[in-house]
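I opened my notebook today to look up a few things in a structure. Here is what I wrote down, step by step.

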Amino acid sequence: MARFLHMHVTLSSLVLIHSVLPWASASLKVDFYKTTCSSVEAIVRRVVNKVVSLNLGVTADILSFAARDNASKVGGINYVVPAGRRDGCVSISNEVAQNLPPPTFNAQQLISSFERKGLSADEMVTLSGAHSIGVSYCSSFSNCLYSFNATFPQDPSMDPKFGTLLKTKCPPRSNDIGDNTVALDASTSNRLDNNYYKGLKNHRGLLTSDQTLLTSPSMKSMVLSNAKQAGSIWALKFAKAMVHMGSIDVLTASQGEISRHCSVVN
């Protein structure tokens, strides 16, 4: 199946080029570096293939290229990235919390958060599939295991067996116990695929922001559709949504700078 998915998405790349570019910023374009630094994407791809499990800590177009190559490496999902982004000259730490939804958000909060960025509910559900890989700290969901509410210590919507398993990995914290990590999708923790939605269907969503997707009738139908359909179909939707998300609030031309060093302004 993985081999078929890779082949299918590769053959569909020409279709993706035409279907996603209308969403991209007018100042971003495919092959932006073709005449100025034609090897940049190949260089990023080689680095990502070698250190795909590490946080590269890079910005602007390089980060977008790295996200694309990560999706290719762990999911066989291929898409083109319009480029031409500039780095910002200001970094404010508290803006992160204002722009990234926390793992405790409910369905309506998630919809509102993504809508403010111009992303639809369907794109939000599609992009949530990125939780097919990666890990989460126990502290991000431990309330669902030990202090959900006054009536139920454990979230009653969670598969009881799944909850019991999580408790073995995330015991109640004390001063001498660190914050452990758990795979976001234990079924295929190193593979970017639509098994994430099958886990939600079986009430095995790790985070509140995962399992809450089933509490909205409209989003529940999206989750069930993504779980049922061929993985290659979801992969195309994911690629399309990634390009759309990559065009949000970008700086181009004279709006920013091309940083000589990622940690300081030129």
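Before I start, one term: a helix here is a DSSP run of at least four residues marked H or I, and helices are numbered from the N terminus. I also remind myself that this is a predicted model.

**Entry 1: the whole chain.** I looked up the overall make-up and found 13 helices and four strands. The chain has 266 residues, and 39% of them are buried. I then checked the contacts with a separation of 6 or more: residues 24 or more positions apart account for 71% of them.

Entry 2: I went to helix H13, where I found both Trp234 and Phe238. These two residues are four apart, which is about one turn of the helix. Are Trp234 and Phe238 buried or exposed? Trp234 has 0% relative accessibility, so this residue counts as buried. Phe238 has a relative accessible area of 3%, so Phe238 is buried as well. The cut-off I used for buried is under 20% relative accessible area.

**Entry 3: counting ring pairs.** Next I turned to aromatic rings. I describe a pair of rings by the distance of the centres and the angle of the planes. Rings pair if their centres lie within 6.5 Å. By this rule I get three aromatic pairs. One of them joins Tyr197 and Trp234, with 6.1 Å from centre to centre and 65° between the planes. That pair is edge-to-face, as planes over 60 degrees apart count that way.

Why does this pair tie together separate parts of the sequence? Tyr197 belongs to helix H10 (residues 195-201) while Trp234 belongs to helix H13 (residues 231-245), so the pair connects parts that are 37 residues apart in sequence. Both partners, Tyr197 and Trp234, are buried.

I came back to Trp234 and Phe238 for their rings: the centres are 5.1 Å apart and the planes are at 35°, so this pair is tilted. Putting the rings together, I noted that ring pairs link Tyr196, Tyr197, Trp234 and Phe238 into a cluster.

**Entry 4: a look at Gln109.** Last, I visited helix H6 (residues 107-115), where Gln109 is found. Gln109 has a relative accessible area of 36%, so I wrote this residue down as partly exposed. I also looked up Ser209, which is 100 residues from Gln109 along the chain. Their C-alpha atoms are separated by 9.3 Å.

Notes:
Residues numbered from 1 in each chain as written. Predicted model: local features only at pLDDT ≥ 70, side-chain atom pairs only at ≥ 80, totals over all residues. Heavy atoms only, no water. Buried < 20%, exposed > 50% of the residue type's maximum accessible area, 1.4 Å probe, protein only. Phe/Tyr/Trp six-rings, centres within 6.5 Å; stacked < 30°, edge-to-face > 60°. Contact = heavy atoms within 4.5 Å.
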